[in-house]
Amino acid sequence: MKTVLAALDSQYIHTNLAIRCLASCCDQEPPILRDYNINQQPFLILKDLLSLKPDAVGFSCYIWNIQSIFRLCSDLKKALPSVFIFLGGPEVSFTAKEILHKHPEIDCILCGEGESLFPHLMECLEQNQDPRLPGIVYRRQGQILGDDHYQLAAGWEHLPSPYPETAPCFAEGKIAYYESSRGCPFSCSYCLSGAMGGGVRERPMQQVKKDLSRFVQEGAPIVKLIDRTFNAHPARAKEIVRYIISLGGPTRFHFEIGADLLDEELLALFCSSPKGKFQLEAGVQSCNPQTLSAVVRHTRFDKLRHNIKTLMASGNVHLHLDLIAGLPWEDYRSFARSFDQVYEMQPHQLQLGFLKLLKGSSLWKNAESYGLVCRDYPPYEVLSTPWISAEELLRLKGIEEVVERYYNSGRARRALAYLMEQAYPSPFSCYEDLADYCNPRGFLDRPMSAANQITALGEFARQKLESSAYFFFLALLKLDYLLSGAKGACPSLFDSIRTEEPIQDYVRRAKQNGAITPEQARRAKFDILPIHPYTHQSSPCFIMVEPWIRDEITGECALTVLSPLPSL
């Protein structure tokens, strides 16, 4: 029997781990794996599936792909009526019978972790038997049968690696995903990971090391561990981190951590690690104690702040912090305070997210008692709560966009810090004001080039600063823009701070003097800033920016100050 396991990833660079986990547990004829993505034309996906002539097709379902999968299943069944279609994943595990009633083209749903359910289903299909195993809901002669209780994979810790040695462990140009542990010791009410029970299950360390070593040996650029709290078991986390460091190589590793759970030893390991080797993501979610209590999240903020600032000071680790708007007891002003407290830590990225009522989560089950109003369709984002209105959440959407454009992109960090220092009582008030400026002008309704984004920011700041301060702001903004590696000429916004110095003559003389190489003269960007880029003193500096050399942590281009200016 020919079976296809298919994924519709949210982007091309992602790789679906679930279908690989299922395939590794199958003793029958190995399934064919297909990684598609939601940005592909549906007819091309359908064409590829039909070319395989499958007997059964299974899809891995999440909030970002479920609508596309429903449409694809309908098309597939019409084009190939004999095919057996089954679904699995968090988006179908908790409403399986309802989905089968609504979508007659779907034959079966696996509820929960599929490593035990999938092999049983395949065996039953081969023998033309009903899959009578808890966690499998199926259609038989017009009836919907089976047990829809969420199932955990039996003995998950000892199941085969999802990356068999007979195949490459990653695809060119894609992120590699790995799971050294499954489950979570916490029970945050907006999340699924700790809600299903089972605690934290860990793969044997020997297997983990073997798999991680393969990623490095095969040259995977980024490996993302999807362990929900990587450092929940500190001793184990330290052993893995030490092993990764010992492997060497350019491969980067991404972990989701509990920032307040880092002990001094693990903190020191990260801080002394090779620059860029580790990327850490930490969910802060809120700084409101009442909110955190309501969602059953316990955070030691003094410890969290200390650890984050220590990591940032090391300069070796890329750090990403998350906030969630729309949680219980968090109103607009409370969220603003949470934003300011997290922003003060100056992470490399600050994700301003919005509460989604994920199927199976405690908040999904108790949405009515909390008065949470959400969209009826994926991703089930909250529209309003008793504490924050729809208008306020939509206003936060605009703030999210300007944070992405100007802070997370790195295009304006120095300039924004100066603007806040000169004109605003808090970071949130600055982004709030900037979003209110951009919104009525339509700037947030459409994509904008980097140059146009910077021009909009410059025009906004002109209204907030006196002329001398605005001149300094433009100098910092131009430095940010050049170091971001944006292509093309600088926006005309910077004409007012341009000097009359003959830049090309300076480049020619610097080349003759050996200050720069012929390759640098040909490829680099040169400019004269009215301030020193490091001391910020008012002193014209001849600078060179090399866009092909980037900082491993910030992504900024290499900068060389060729100052004092070469004599003509």
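Visitor: How many disulfides does the structure hold?

Guide: First, the ground rules: this is a predicted model, where local features need pLDDT of at least 70, side-chain atom pairs count only at pLDDT 80 or more, and totals for chains, interfaces and linings use all residues. Residues are numbered from 1 along each chain as its sequence is written, and side-chain values use heavy atoms, with hydrogens and water left out. A disulfide is a pair of cysteine sulfur atoms within 2.5 Å. On that cut-off, the number of disulfides is 0.

Visitor: How far is the nearest cysteine sulfur from Cys169?

Guide: Cys169 is in no disulfide. The nearest cysteine sulfur belongs to Cys21, and the distance is 14 Å.

Visitor: And which cysteine sulfur is nearest to Cys557?

Guide: Cys557 is in no disulfide either. At 12 Å, the nearest cysteine sulfur is that of Cys490.

Visitor: Is Cys557 buried or exposed?

Guide: The scale uses relative accessible area: buried is under 20%, exposed is over 50% and partly exposed is in between, with a 1.4 Å probe and protein chains only. Cys557 has 5% relative accessibility, so it counts as buried.

Visitor: Which backbone oxygen does the side chain of Ser273 reach?

Guide: Ser273 is buried, with a relative accessible area of 2%. Leaving out residues up to four places away in sequence, Ser273 touches Ile245, Phe278, Asn316 and Val317, where contact means heavy atoms within 4.5 Å. Its side chain also makes a reach of 2.6 Å, to the backbone oxygen of Phe270.

Visitor: How many residues of strand 13 are buried?

Guide: Phe278, Leu280, Ala282 and Val284 point one way, while Gln279, Glu281, Gly283 and Gln285 point the other way. In a regular strand the side chains alternate between the two faces of the sheet. In strand 13 both sets are buried, so the strand is mostly covered, with the buried count at 8 of 8.

Visitor: Which residue of strand 13 is the bridge partner of Ile257?

Guide: Two strands pair if DSSP finds at least two bridges between them. Strand 12 (residues 252-257) and strand 13 pair in the parallel sense over 5 bridges. In strand 13, Ile257 is partnered by Ala282.

Visitor: What handedness does the β-α-β unit have?

Guide: The unit is made of strand 12, helix 8 and strand 13. With the strands pointing away from the viewer, a clockwise path from the first strand over the helix to the second makes the crossover right-handed. This unit is right-handed.

Visitor: Now backbone geometry: what is omega for the peptide bond from Pro378 to Pro379?

Guide: Pro379 is found in the loop between strand 16 (373-374) and strand 17 (382-384). The bond from Pro378 is cis, with omega near 10 degrees.

Visitor: What is phi at Tyr380?

Guide: Tyr380 lies in the loop between strand 16 and strand 17 and is buried, with a relative accessible area of 9%. Though not a glycine, Tyr380 has a positive phi of about 60 degrees.

Note on methods. A polar contact is a pair of N or O atoms within 3.5 Å; within protein, one must be able to donate a hydrogen and the other to accept it, and residues adjacent in sequence count only if both atoms are side-chain atoms. Helices (H or I, at least four residues) and strands (E, at least two) are DSSP runs, numbered from the N terminus.
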